[in-house]
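This report describes selected features of one protein model.

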Amino acid sequence: MAASEAPPPAEATVEVQTTAPPKDPEEVTLDAILKHLGQFGRFQLIIFLLICLPMMFHAMFSVTYVFTASTVTHRCHIAECDSPESAYVEPWTEFSIPRNGKDLDQCNRYSNDLLPQWNQSAGEDICLAEHYSAHVESCPGNKFVFRDREELTISNDFGIYCDEEWKLSLVGTINNVGQFFGIPIGGYVADRYGRSFSIALGGILGAVLGIVRSFSPSYIWFLVFEFLDNMTSSTLYSTCFVIGIELVGPKRRVLACSVITVFYAVGEVALAMFAKAYPDWRILLRITYTPSLILLAYFWILPESVRWLLSQSKEERAKGILRRAAKVNKRKLSDSLLDKLILANRDKLEQSAESRFPIREAFKNFKWRIANCSLCWIVHVLVYYGLSLNVVLLDGNKYNNFAYIALVEIPGFFLPLLIMDRFGRRYSLCGLMIFSGICCIGTIFAGADQPVLQLVLFLIGKLTITASFQVLYFFASEIYPTNLRNSLLSFCSMMGRFGSMLAPQTPLLAKYYASAPAMLFAGAAIVSGCLTLFFPETTNVILPTTVQEADAIGVKTKSSKSQQDPKQTVP
């Protein structure tokens with residue numbers, strides 16, 4: 001294509017605006033103008049810095065429950081042995097508390113035969129090993145001794161222990177239910193009212209609700225605001241990704257969006273460090289959410305996506321943003337070229353004979369594409385979060401472990417830079433998913449007696465599924481038309497919530513067969529990876545504006561490749 005295969009901007013010394021009207025109307029595209037202005041110039045860099053901030057905030061918003069609703073390590077309070085100054089581990093815990101693996105049992109103790117007749121006021125010492133039997137009983141009165149006395153989560157704040165710990169897991173489920181409902185709503189808002197409006201609205205609502213949640217007086221109120229917070233802010237990731245895709249030229253999309261998603265990992269690492277420094281869940285929420293109030297300014301300072309403006313026939317605003325981009329990037333842009341872009345865009349919208357929001361036609365035309373994309377999303381989320389639940393494989397405390405898991409994602413974000421343009425979107429997606437599945441199988445054969453090898457395979461599997469997820473976001477943004485891109489991307493992401501709801505339950509499979517979770521992850525990744533080959537290839541394809549253009553991807557590109565070569569379209 002002329003728009004996607006022209007020389008880099010630095011070498012494009014011919015003034016496009018002074019040439020004769022192009023013979024091929026495909027030349028007058030937004031991608032062609034972006035190439036002339038600079039595919040990733042100073043203007044795009046400023047926008048990217050702006051959208052990286054909500055991306056980082058969203059990372060923290062979506063996983064705060066890992067720390068706010070985590071269990072606090074504790075043991076039974078042994079009344080006949082413990083004093084107010086007693087530590088978590090004492091000499092008497094060796095014979096009074098049963099072991100659960102390497103750790104002390106959190107909810108049970110050994111019974112003391114003399115305890116029923118014990119007279120504490122008499123000073124009688126019955127804290128001796130010979131008085132304890134092998135009979136196990138639950139902690140009386142829910143009295144506990146905590147390992148980290150400074151740590152405060154909703155567990156010890158609201159008294160959620162032992163038999164009620166399912167309430168802590170429920171927080172993660174409610175988190176994903178909120179995202180399940182919020183993602184399609186946010187996608188609709190982004191496609192109907194604009195990308196920048198959606199980012200500003202979702203960010204500020206999430207910030208306010210998160211701060212309010214820090215004052216929750218009870219567990220029920222905490223759940224309510226957990227749901228509302230994630231429902232309102234869940235669309236930040238996909239909308240930031242879409243606006244990044246729509247801002248730059250074809251040759252710089254992969255690099256640009258890799259940079260964006262790195263800030264997601266940065267947000268996760270920042271959350272882990274905040275949680276480590278401030279173990280009180282109420283303080284943690286206030287520190288995490290208060291800075292995001294700055295997103296209120298995005299209603300005024302974040303420029304709207306030009307592609308969205310053109311798809312909504314908001315021509316003057318689109319021209320104004322392109323003129324500003326030309327000024328910031330120090331490039332010349334004539335009014336005649338802008339007029340040609342507007343005329344070409346009007347022709348596309350008129351010839352498409354479709355409404356402003358043709359969601360019904362989209363599901364009719366793309367039903368198999370949407371179904372395959374949704375399945376792929378479910379598998380990615382299942383494997384991604386399923387592997388994250390195995391963070392216990394790493395030594396160290398939970399804060400450092402969480403940071404390690406986030407850091408290993410960063411090379412995964414950049415891996416698509418090396419393979420997407422070389423091997424294409426489909427083969428990159430397929431290969432990464434299959435490789436991640438192979439790593440999961442490898443952990444089965446490595447066995448627990450080779451912990452180093454298991455750890456390496458675990459990290460490689462997490463890295464490759466992260467890279468695959470990056471390709472999927474990118475790919476899904478290219479196979480749908482502009483006026484439906486955010487909605488359909490959000491729909492697929494919404495379907496992926498089923499995977500995140502299932503992932504926390506996979507450890508239950510290990511009770512029946514230790515390798516069952518790894519087999520599930522591997523089988524799902526390999527099967528879905530093979531199905532991705534049925535997607536159309538979109539490498540160096542101009543982003544489709546209409547349903548018809550999106551439907552023609554994969555059919556049109558092969559037959560028109562020679563016509564789209566810039567050397568052949570010059571008069």
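## Salt bridges

A salt bridge is a side-chain nitrogen of Lys or Arg within 4 Å of a carboxyl oxygen of Asp or Glu. By this rule the count is 16 salt bridges. The model is predicted, so local features need pLDDT of at least 70 and side-chain atom pairs count only at pLDDT 80 or more, while totals for chains, interfaces and linings use all residues. Residues are numbered from 1 along each chain as its sequence is written, and side-chain values use heavy atoms, with hydrogens and water left out.

One of the pairs joins R195 to D191, with the closest N and O atoms 2.4 Å apart. Buried means under 20% relative accessible area, exposed over 50%, and partly exposed in between (1.4 Å probe, protein chains only). R195 counts as buried because its relative accessibility is 0%, and D191 is buried at 1%. R213 pairs with D229 at 2.8 Å between the closest N and O atoms. This pair links distant parts of the chain, 16 residues apart, with R213 in helix α8 (residues 195-213) and D229 in helix α9 (residues 219-233). Both R213 and D229 are buried. E80, R109 and E137 are linked in a network of salt bridges.

## Helix α2

Helices (H or I, at least four residues) are DSSP runs, numbered from the N terminus. Helix α2 covers residues 30-37, and seven of its eight residues are buried. Among them are L30, I33, L34 and L37. Just after α2, G38 takes a positive phi of about 115°.

## Nonpolar patch

Y188, Y193, F197, L296, F299, W300 and I301 make a nonpolar surface patch of about 740 Å². Such a patch joins nonpolar side chains (Val, Leu, Ile, Met, Phe, Trp, Tyr) within 5 Å, from residues with over 30% relative accessible area and no salt bridge. Helix α13 gives the most to the patch, with three residues. W300 is found in α13 and counts as exposed because its relative accessibility is 67%.

## Cavities

A cavity is a set of points on a 1 Å grid over the protein atoms alone where a 1.4 Å probe fits but cannot get out; lining residues have an atom within 4 Å of a point. The structure holds six cavities of 30 Å³ or more.

The largest cavity is lined by 20 residues, and Y237, Y264, Y385, F469 and Y473 lie nearest its centre.

Methods:
Helices (H or I, at least four residues) and strands (E, at least two) are DSSP runs, numbered from the N terminus. Patches are made of residues with over 30% relative accessible area and no salt bridge: like charges are joined within 9 Å, nonpolar side chains (Val, Leu, Ile, Met, Phe, Trp, Tyr) within 5 Å. Accessible areas come from the Shrake-Rupley method with a 1.4 Å probe; for residues, only the protein chains shown count as cover. On a 1 Å grid over the protein atoms alone, a cavity is a set of points where a 1.4 Å probe fits but cannot get out, and a pocket is an open set with protein on both sides within 12 Å along at least five of seven lines; lining residues have an atom within 4 Å of a point. Grid points are joined across faces, edges and corners, and a volume is the space filled by probe spheres set on the points.
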